[in-house]
Structures are given as structure tokens and as C-alpha cells.
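Hi everyone, thanks for making time. Let me put the sequence and the model up, and then we can walk through a few spots together.

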Amino acid sequence: AGAALRATARCDKLNIGALGNIVRQLHVHVVARCDGDAAWPGPVWGSGHALSYNDAERRRRIENLHAALTATH
């Protein structure tokens, strides 16, 4: 997932964190970070407000990630 995100998103740093402190199941966050983003260099959690992608941009990003994820198999 990290390699696919790095291949499709312009980022300066990739944060990968395995958490399980609130919910029982293990879950992994893979976050592309850019120098100068609203929370840089601190954590993204609880910083600023979430911005939604429009439908076309969301579709494009999902298609690019899907292609990157399936290209390795």
C-alpha cells in the first residue's frame, strides 16, 4: 500500500502507523505527507479540517491507486 501511494501521490514523506488502541482489530494508516501541509511536521490527527475530493478527482485517485496495487501482482 505504501509503494502504491508513493507511486501515485506527490509526497515528501510517507507515514505508516499500525494502531489498535481504540478498536480491537489492528488497522494500519498509510498517509502521504507534503512539506508545508497544514499539519507539517506534526501529526495529521486532529489538525485542520478534512477536505473532500470532487467526484472526478476521487475516481481518478482510486483508479490510479488500483492500477498501482494490481501492477505488482
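The secondary structure of this protein chain amounts to two helices and two strands, and from the N terminus on the order is α-β-β-α. Helices (H or I, at least four residues) and strands (E, at least two) are DSSP runs here, numbered from the N terminus. Please keep in mind that this is a predicted model, where local features need pLDDT of at least 70, side-chain atom pairs count only at pLDDT 80 or more, and totals for chains, interfaces and linings use all residues. Residues are numbered from 1 along each chain as its sequence is written, and side-chain values use heavy atoms, with hydrogens and water left out.

For overall dimensions, the C-alpha trace spans about 30 × 30 × 25 Å along its principal axes. Of the 73 residues in the chain, 14% are buried; buried means under 20% relative accessible area, exposed over 50%, and partly exposed in between, with a 1.4 Å probe and protein chains only.

Now to strand β2, where R33 lies. Is R33 buried or exposed? R33 counts as buried because its relative accessibility is 3%. Its side chain makes a polar contact of 2.8 Å with the side chain of D37. By polar contact I mean a pair of N or O atoms within 3.5 Å; within protein, one must be able to donate a hydrogen and the other to accept it, and residues adjacent in sequence count only if both atoms are side-chain atoms. Leaving out residues up to four places away in sequence, R33 also touches a set of residues including C11, W40 and P41, where contact means heavy atoms within 4.5 Å.

Two of those names come back. The peptide bond from W40 to P41 is cis, with omega near 0 degrees. As background, most peptide bonds are trans. P41 sits in the loop between β2 (27-33) and α2 (55-71).

And the cysteines? The structure holds zero disulfides, a disulfide being a pair of cysteine sulfur atoms within 2.5 Å. C11 is in no disulfide, and its nearest cysteine sulfur, that of C34, is 6.3 Å away. C11 is buried, at 17% relative accessible area, while C34 is partly exposed, at 30%.

That's my tour, so over to you for questions!
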